[in-house]
Amino acid sequence: MRFALRTIALALLPVLAGCYPPAQSGYSPTVVEQPQPVHFFYGTLIDKRPATLEYGYETGIGATVVPRFPWSAGIHFAGSGPVGAARLSAGPVDVLVEGSAPNLPAIEYTVLLDKGTYPPDPYLRPDPYFGLERKTPIIVVQNELPTDHQLQVNERVVVRVVGRSGRVMANRFSPGLEQLIAAGPMPIPLAVPAPCDPVEIAAGAC
C-alpha cells in the first residue's frame, strides 16, 4: 500500500503542474464547430506587473481510505484548476489521493482603451475647460503561456473578448483590418448589454 500511495503521489505531480487556469484557447468539446462571436477592443498597454492567482488551497498531498462495494480494481486520475486527484480501487476499499498546487503566477495588465467603457466611468468626465475626452483604463489579470508574445509597456494591444472572457494580446492585425473590427466602448462587466445605436433608437428598435 505504501508503494502504491507513493506511486500515485508522484503521478499527481505532472497533473498538478499542468493545472493552470484555462486560457481562451482551452475549449470544451461542446463548442467544436459552434461559431462564437469575438470582439476586439483596442488600446495601449500602460502598465504591467506580476500577480498571483490566489486559490486559497493548502499546498500538499493527502490520502483517505474509503470502503467500497462492489469490489473493483484500477487507478483514475483527474485535475481541475490547481487541484488534482487520483483514486486507487483495490478490492474492498478506495484510496483517494488529493493534491493541490500553490498559488499560480500571473500577469496584471493595465490597458488604456481607445473607446472607453460602457457604462462610462463616472470619474472620467470630459474636461470642462478644454473639452479633453478622458480614456478609461482597465485591468486584466491572466496567466501567460510559454508561447505568448511578451507584451511591453506602451505597446499597442488588443483585448480579445469571447463571451465573458477578455485576454490582452499583441495587435497582429493590419491598420486596415483594425478599422473594420475595432469594437467599443467595452461593456463593464462583460455581461452588460451593448449600448443602443442612434439609428436603432430613432427606429424604436431599442
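The largest pocket has a volume of about 290 Å³, a volume being the space filled by probe spheres set on grid points joined across faces, edges and corners. A pocket here is an open set of points on a 1 Å grid over the protein atoms alone where a 1.4 Å probe fits, with protein on both sides within 12 Å along at least five of seven lines; lining residues have an atom within 4 Å of a point. The model is predicted, and local features need pLDDT of at least 70, side-chain atom pairs pLDDT 80 or more, whereas totals for chains, interfaces and linings use all residues. Residues are numbered from 1 along each chain as its sequence is written, and side-chain values use heavy atoms, with hydrogens and water left out.

The pocket lining comprises 16 residues, of which His39, Phe41, Ala183, Pro187 and Ala194 lie nearest the centre. Strands S1 (39-53) and S7 (156-162) each contribute at least two lining residues. The lining contains 12 nonpolar, four polar and no charged residues.

The protein contains three helices and nine strands, arranged along the sequence as α-β-β-β-β-β-β-β-β-α-β-α. These elements are DSSP runs numbered from the N terminus, with at least four residues for helices (H or I) and at least two for strands (E). Of the 206 residues, 27% are buried (under 20% relative accessible area with a 1.4 Å probe, protein chains only; exposed is over 50%). Among contacts (heavy atoms within 4.5 Å) between residues at least 6 apart in sequence, 74% join residues at least 24 apart.

In the largest nonpolar core, which has 16 residues, Val111, Val159 and Val168 touch the most other members. Two or more residues of this core come from each of S1, S4 (104-113), S6 (137-142), S7 and S8 (165-170), and S4 gives the most, with four. Such a core is a set of buried Ala, Val, Leu, Ile, Met, Phe, Trp, Tyr and Cys residues joined through side-chain atoms within 4.5 Å.

Two cis peptide bonds, each with omega near -5°, are present: Tyr118 to Pro119 and Ile188 to Pro189. Pro119 lies in the loop between S5 (117-118) and S6, Pro189 in that between S9 (186-187) and helix H3 (198-202). Glu33, in the loop between H1 (2-17) and S1, has a positive phi of about 60° and is exposed at 76% relative accessibility.

Note on methods. Nonpolar A, V, L, I, M, F, W, Y, C, P; charged D, E, K, R; others polar.
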